[in-house]
Structures are given as C-alpha cells and as structure tokens.
Amino acid sequence: MNRLAGVTSPYLLQHADNPVDWWPWGPEAFEEAKRRDVPVLLSVGYSACHWCHVMAHESFEDDTTAAYLNEHFVSIKVDREERPDVDSVYMDAVQAATGQGGWPMTVFMTPDAKPFYFGTYFPPEPRHGTPSFLEVLDGVRTAWEGRRDEVSEVAAKITRDLAERVLTPSAAGLPTEETQAQALLQLTRDIDPATGWFKGDTKFPPSMVVEFLLRHHARTGSVAAREMAEGLCGAMARSSLYDQVGGGFHRYVLLPRPEGTLVPHFEKMLYDNALLCRAYAHLWRETGSDQARRVALETADFIVRELRTSEGGFASALDADSDDGGGRHVEGAYYVWTPGQLVEALGEEDARHAAAHFGVTEEGTFEEGSSVLMLAQGPGVADAGRIASIRTRLLAARDRRERPARDDKVVAAWNGLTIAALAETGAYFDRPDLVERATEAADLLVRLHMDGGARLTRTSRDGRAGANSGVLEDYADVAEGFLALAGVTGEGVWLEFAGFLLDLVLDKFTGEGGELYDTAHDAETLIRRPQDPTDSATPSGWTAAAGALLSYAAQTGSAAHRAGAEGALGVVAALGPRAPRFIGWGLATAEALLDGPREVAVVGAPDDDAARALRRTALLGSAPGAVLAFGTPDGDEFPLLRDRPLVDGSPAAYVCRHFTCEAPTTDPAELARKLSR
C-alpha cells in the first residue's frame, strides 16, 4: 500500500495498491520533491473516468513504469471532485498550452507547484503521433536534469500568465432584453433542426440551456425558445444518452465516424441526473408533456434507487466500466444488449418487439455485436403497456449482471442540486417520498458538512466528513437546494440555513469589485486563485451564486444579497450573446432578474383544501425564478408572510415584485393568471 491508503476518496483508493509511490495533495509531497530535487508528477482524475482506468491499468499498475516514476519524480494523485480548485488551476494551464483538456490530466511541475509540461492520457507505447508515457517521463527527466534554467523560465512564465487571469465585473452592465434575445438567436444558429441536438460530434446534455429556454418562453412567449427546449429534451430522451431500461442519463454521447449511432460514454454522474431531472420536470410544468413527466420521474427514481447512500445523501457517480460476464472489465457492459440476450430475458416474440423498439440489431450498434438502446425512429405508436413490461423484465435481467462500481462520496454541491430536483419533482407529481429523500439529504448536509459557523466541507463518505473545504459552487448549490426545499415544504428553517451560506458567499468569496472567486479568501493558496464564470457540466459557482442570491433576496428583501446577485450578473451581459451554451444558468438567472423575480405568499392553514389549491397553483407557476412562501397569516418563518392576512376569512395568495404586491386573490385560476406573462 502507498500513501493513499486510508483516504476518503474512492478514486484515490483505487490507486492505493499501485506500485507507484503516490502522495495525496499536500505540503509534504512538495517538501519531499524539494528534498530530493526532482519534479512533481500531478495526475488528476475521478472514479467514473474510463480513460483514467485505462491509463492506470497500462501505466500506474506497471512495475517498470512505477519504478521509473518512484526514482525520478514525486507523484501526486488528486480526485478532481474533492479538489475542484486544484483541478481548475492546472486545467487552465493544460488548455492554454495544448488547446484541449480532459481527464486523466497529467501535469509536470517544479517542487514549488509551478507547471511546465502538460498532457492528458498517454499510452504505454507510441500511438498516432502521441509519445508513450515512458518517453514523456524520460523527456521530462532529461530536461529537468540538463536544462533546468529553461524549465524554470517556462514554469515562471506559465505561472505569471495564469496569475494575471483575474476577472472583474463586466462593464457591460446588467443583462437586458437585448442580451437575452441575442443569446436565443445564437442558440438557434447552433442547433441542428433535423435532429434537435446542438451541432457537433460530442453531445453533452445542455440542461442549463434548457432552463434558460423555458424561462425565456415563460417570460416572453417565445415559440422558438419553447420548441428548442422541447427538441433538445426529446432528442436526449430518445437517444442512448438516456438509459432506456433503468432511467437516468449517461455523461455524453459521441457520433462515430463514419457517421453512425450515437454512442454514450457510459458513466452516470449525480450532477447530470439532478440537473436533467429538474429540467424535465420544468418542461412538464410548461408543456404538460407525458414524455417529460416520465423522464423526470424515472430519473428521480434512478437517483434514489442507485445513488442514495445509507446516510441519506447521494453518491457521486456510477462507473462506465463493469465485468462483461467473461472476466473482462469493459466500458458499457452493464447497459448494452445483443438479440440473443433479449431472447433470453423476454422470449422470442417480445425480444423481436424490443429489438425493433430499442434499435437492437444483429450486427450491433456498439462493439462486438452488441447494441446501445435508443428509441427507434419508426412509424406507428408503441404499445405503452407492453413496453413497460419489457422494460421491467430487462431491468430485472440486467440486475443479475455485475454492476458498475459506485463512487459513494457525497459532494455537497451535487447534493444541493439533487435536493432541489427531488423536492420540486416530488411536489409537482404528488410524490411525497421524493420530498422526504430531499429533506433527508439536506439534514445530512447540515449535520455533517456544515460547522457551527456554516462553513461547508466539500465531501463526506460513510458518514465521515472529508478534509477539504467547500468551494463557491458548494455554498451556492446547497443554498439553491435549501431554497427550493423551503418553497416546497413551507419550512422556514431551510431559508435560514440558505441565508447562513449566502452570507459567507458575500463575505468570503466576493472581491472588492464585486467579482466572485471559486475559493474563499482564507483557503489554501495555489499558484492562482481559481475563478471561472462559465457553466460547463454544472452551473459555475459564479452563476449558481447569482441565482441563489437573487432568490434569497426575493424571499427576504435583503438589498445586500440583491446587490451581490446583480454584481455577478454583469458577466452574463458580456458572455450571453457570444457564448450562450456556456453560460446557460447565468442566462436563466437573468430571466428571473428581468421578471422580478416574483414573490408569492400563500396564507392559510396547511390542512385547508383551499390553501393547498393555491399553494399547488403557485408551485406550478412558471414565472422565471419565482419564490414561494406558504404558512399561516403573519407566520414568522418567511418574511413574505408578514402583513399578509386572510381575505374575508379565506386563504389567499399575494403576488409581488420587490415587495410591492398586487391585490390578493382567493381564486387559483386568478393566481395562475397573475403568474403568467
């Protein structure tokens, strides 16, 4: 065992038995490199990463490679999900130097953590113009020993360039109607109307863009925005990105060359499924789509069934790889099917029906004659009852296969996203069990991840908090989850907890000019303080904070939190029209800002049918970013309930903007009109 034994990260523990003498990230590793006067190899990945596993098997489990590393380097392993700050800083360097990035990320550094050579996956032998990993190691060692001055100069320049990348609030000002219209226009240019997908061979789920499109439609009535959201969600739901048997989404899909069937990268991430569950629930709320309802609920059920931990939180991911039944650990083995396997699970007649419905062919659409499942684009209407029976039997048959490994660490930010998704999905579809699961996860975050001063720990595992501090996205996404839970449950304690977290965002993560940073002022000092407003797989900490600050201000009337949100949204005015696919959550938050957002107070007894009808109408209102407070008149849990009496003794709803209210109503239909355009 090396120095990774005993850590909490499942990814690091996967490498604890490597012959490589790995160190976890920390000052001791760099001190050792200084003592030995050798460079540092930084290897960054995550547990569900297929190519991380490949490089580990080919190189890090190889005795010859390990011996070379141990003699000439100090090797550090980092789980990017535990240390997103470290990952962000060095990924910036990789992308600047090579024009691309990805995982595994391979960085060579001086003993004072300054990078000088970069890459991602390196093969065990030269391949397609890429040198072997041992060749790279030998080249770096030779440069370190023979051209030290040149290496130091390169490292110093890269570090200076990175340190100078400081974003300040944009002079573009707040997002406007024109900002949002230009963003929508750019998205229409990026979409492929024939397929509903965005153009490009690699297709990641655009959940945050869908949220922007739905909010823009709700605010403006734009048919183009609604149709684009429906097209994107329909394309994802029909494709192999979606697990047609068990529900939930894979990480992304690729269009092979020559052009063929979209093939997924099979890992399943908590954050993707939380964001998409919420997006499909919101699509149903706007359109009433049966498909959206089914996908939202199936995704929620997948999250609870396969990712919930015994402590009540939600695990990070399911691996892409698993045993294929013949002793080989291969990508996608758990999810793909051959015609023979369908017959074995379903019998001849239903197997033929399933093959036609899900696109399973004799030659296969994946590897070695197997097929990924997707909804075939054929004529006719499927027999819903028969397909449901087939899905149930295929899931039972698949459960007998070896499951992909699960990374069961609980990441605060991603659990915040999941709390919001499960709470709202449960409320929309009368599934109190989903609201209960959201509440249990929120309880876990408060008990295990928050200290007495509301400082957050990034991760936990097996009921034990990790050692790494929360970053901006943790504070913002957990606050977002708590705010959604407060609106769904009517329990003001979640609003209070969100306030504690957002006060720290203003105090610890905000610069003098209103700019936001991904790490707190008192966090570990890296070669650059990470700062990125662009949305990628998840909302950036920057845009997530803007959204949560805006919602909290709407609930409480806090001018400081409103000002913090507005200060952060300047970047949306600058980036939205040019790169809307990379700031979707910022654009969605801007829609809420332009709409108010609206503040809805429903007063009445919790067991009163009329009060419940008003509350449900408010929950199903699609006004962008609207917040909801529910309780008895003058209840002290929500500021929105103050001075909100019953109307002639009946439950009533008040719709306000900036705490200026329209006349109250006791009629759900009238409330629905007040929450429309």
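Close-up 1. Aspartate 443 is partly exposed, with a relative accessible area of 34%, where partly exposed lies between buried, under 20%, and exposed, over 50% (1.4 Å probe, protein chains only). Aspartate 443 belongs to helix 17 (residues 432-449), helices being DSSP runs of H or I with at least four residues and strands runs of E with at least two, numbered from the N terminus. Together with Glu491, Asp636 and Glu637, Asp443 forms a negative surface patch; such patches are made of residues with over 30% relative accessible area and no salt bridge, like charges being joined within 9 Å. The model is predicted, so that local features need pLDDT of at least 70 and side-chain atom pairs count only at pLDDT 80 or more, while totals for chains, interfaces and linings use all residues. Residues are numbered from 1 along each chain as its sequence is written, and side-chain values use heavy atoms, with hydrogens and water left out.

**Close-up 2. Strand 10 and its antiparallel partners.** Strand 10 (residues 315-318) pairs with strand 9 (residues 268-269) in the antiparallel sense over two bridges, pairing being assigned if DSSP finds at least two bridges between two strands. Within this pair, lysine 268 has leucine 318 of strand 10 as its bridge partner. Strand 10 also runs antiparallel to strand 13 (residues 406-411), to which three bridges join it, and here alanine 315 stands opposite valine 410 of strand 13.

Close-up 3. Proline 404 lies in the loop between helix 15 (384-398) and strand 13, and its relative accessible area of 9% makes it buried. Although proline 404 and aspartate 323 are 81 residues apart in sequence, their C-alpha atoms are 7.9 Å apart in space.

Close-up 4. In strand 17 (residues 627-631), five of the five residues are buried. In a regular strand the side chains alternate between the two faces of the sheet. Both faces of strand 17 are covered, with Val627, Ala629 and Gly631 buried on one side and Leu628 and Phe630 buried on the other. Strand 16 (residues 598-603) runs parallel to strand 17 and is joined to it by five bridges, one of which pairs valine 603 with glycine 631.

Close-up 5. The whole structure holds 48 salt bridges, each defined as a side-chain nitrogen of Lys or Arg within 4 Å of a carboxyl oxygen of Asp or Glu. In one of them, the side chains of aspartate 37 and arginine 148 meet at 3.1 Å, N to O; aspartate 37 lies in the loop between helix 2 (27-36) and strand 2 (40-45) and arginine 148 in helix 7 (residues 148-163), so this pair ties together parts that are 111 residues apart in sequence. Aspartate 37 is partly exposed at 41% relative accessibility, and arginine 148 is likewise partly exposed, at 27%. Arginine 528 and aspartate 92 form a salt bridge whose closest N and O atoms are 2.7 Å apart; because arginine 528 lies in the loop between helix 19 (493-508) and helix 20 (541-556) and aspartate 92 in helix 5 (residues 84-98), the pair ties together parts that are 436 residues apart in sequence. Arginine 528 is buried at 6% relative accessibility, and aspartate 92 is buried at 16%.

Close-up 6. Glutamate 145 and arginine 141 meet through their side chains in a salt bridge of 2.8 Å, N to O. Both residues lie in helix 6 (residues 133-146), four residues apart, about one turn of the helix, and glutamate 145 is exposed at 52% relative accessibility.

Conventions. Patch = residues over 30% accessible without salt bridge, like charges linked within 9 Å, V, L, I, M, F, W, Y side chains within 5 Å. Areas by Shrake-Rupley, 256 points an atom, 1.4 Å probe, with all protein chains shown as cover. Lys, Arg positive; Asp, Glu negative; His and termini not counted. Charge placed at Lys NZ, Arg CZ, Asp CG, Glu CD.
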